[in-house]
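Visitor: I have not seen this structure before. Please show it to me and take my questions in turn.

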Amino acid sequence: MGLFKKKKKKKEQKPKQQQQQQQQHENVLNGEEVNSTATDQISQSLMINKQRILDVYSDCSDLITRSFSIGKQSKDNAFLIYIEGTSNSEELDKVVFRPLMSISEWDHRLDKVINSISLGQLKQVTTYEEIYNQLANGNPLLILDQIPVALSLGLSKWVTRGIEDPTSEVVVRGAKEGFVESLRVNTSLIRKRLRTPQLKIKSKVMGEYSKTQIAIAYLDGVCDPDLLKEVENRLNKIKLEGIMESGVLEEYLQDNRYSPFTQILSTERTDTFCGNLLEGRVGILVDGTPFCLILPTTFNAFIQTAEDYSQGFYITTLLRVLRFLFLGVALLGPSFYIAVMTFHQEMVPTTLLLSIAQSREQVPFPALFEALLMEVTFEALREAGVRLPKQVGSAVSIVGALVIGQAAIQAGLVSPPMVIVVATTGIASFMIPHYNAAITIRMLRFPIMFISSFLGFLGLIMALIVIVIHLCSLRSFGVPYLEPFAPFKKSGFKDSVIRAPAWKQKIRPHFTGNVWNKQRKE
């Protein structure tokens, strides 16, 4: 008797979800809007599912929909939807429409539809949120009547440019392929160079509206787990409406966000990226940009290039010494000239001093004003050359510098020695391989010029000491920024200002020092 009552009670009960779906179906038949607060699970009614999706994607002219019938039925029992320009419409017609239209009889079995579609990438989704995500990723959705499951057809096809030579990191000898804006193309380029199952790539979606795909790449067994955990924790704390470029993440991930020196290396070269993974670092790839992030990093990384490991160690050492030398010229060149001309004329040989004094006779302005005038003009020409089309950009920057420099000398606004100093400083800044480091040096040049004009060499040395102290205090995910100079590490000098032969180094020498400092600064 008890069993009979229990079965009867179970039979009389009606699931709550089924009641909601029936109510929605009645609302649709009556012409009423679908309740947006209803359950997120896909309904069995094709009409309800279609209405709700079309309500969400209202005023979207690029949304392509098609209702059709599977089997010999007069009523449409299938609904296909995708976003134009993000899906492969030709393959969709070939592997989906034709096989489904060839089904003579259909008994509402999902496995029969799946077996009819000759497609490897097929995913079942059960919620509306998953439908929206799949559509945003370019995958068409197939929804069937009387089946509360939608099929995501892996036929996304985004327009992307081909693999080209990196424009921001040009080398004479080395790989000529760089990252592109497609995340999956970039991950395939990494897999091409590191063909091991130890290469792990974790995916993550960030951005409330952009839904940008982020990939974290590392080598399992080589990368320190604490470093990986720290990277993931910092990424999880970032809450943004949209991520359009990896530079947005770079600002959030840095240890010291107010420092003018960037503590994360960005690159669009595949060989540089993979070389750093081999040393235990972590790489971050962002969909929509060819620039990937590498962390942690040191100051040495911004003075090195991928070409350093494609040439002999003698040539590489000479080039690195030149880079460090002209790094000092780019930072202190105009300030040194201003300090000498304003306070320390006794340091200049008499003959040279008389020649400089004669050339400055017609200039009514102090050395500081000369330097500021020429430096600002040079920076404006450099920026104009970057923004103008390639056909005229280089011509405008070079010809403009020559014409303006000569006109300024003839007008008596600046002296010829100042033009030489500014031109040498500009050339020196071009020798810094990475753009972020070069623009930081150019920016710091101006306050040092002001200090040198008031305090001479004393102000210049004080400014230099402040910069060095600041660099010593920086950390990149716990790694000292000036390693191996501060703290001093003898082993790190094999790949710093000089580069030791490859057979003298245990690992591929892209960067030096310990990858992850266990006693990192919190």
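This is a predicted model: local features need pLDDT of at least 70, side-chain atom pairs count only at pLDDT 80 or more; totals for chains, interfaces and linings use all residues.

Guide: Residues are numbered from 1 along each chain as its sequence is written, and side-chain values use heavy atoms, with hydrogens and water left out.

Visitor: How many helices and strands are in the protein chain?

Guide: Both are DSSP runs numbered from the N terminus: helices are H or I with at least four residues, strands E with at least two. On that basis the protein chain has 17 helices and 12 strands.

Visitor: What share of the residues of the protein chain count as buried?

Guide: Buried means under 20% relative accessible area, exposed over 50% and partly exposed in between, with a 1.4 Å probe and protein chains only. Of the 522 residues, the buried share is 46%.

Visitor: Which residues is Ile190 in contact with, leaving aside its neighbours within four places in sequence?

Guide: Contact means heavy atoms within 4.5 Å. With those neighbours left aside, the partners of Ile190 are Phe179, Leu199, Phe273, Cys274, Leu277 and Leu285.

Visitor: Is Asn49 buried or exposed?

Guide: Asn49 is found in helix α3, residues 46–56. Leaving aside neighbours within four places in sequence, Asn49 is in contact with Ile42, Ser43, Tyr128 and Ile143. Its relative accessible area is 0%, so Asn49 is buried.

Visitor: Which element gives the most to the lining of the second largest pocket?

Guide: On a 1 Å grid over the protein atoms alone, a pocket is an open set of points where a 1.4 Å probe fits, with protein on both sides within 12 Å along at least five of seven lines, and lining residues have an atom within 4 Å of a point. This pocket is lined by 33 residues, with Trp158 and Asp287 among those nearest its centre. β3 (122–125) and α7 (183–193) are among the elements that each supply at least two residues of the lining. The one that gives the most, with five residues, is α6.
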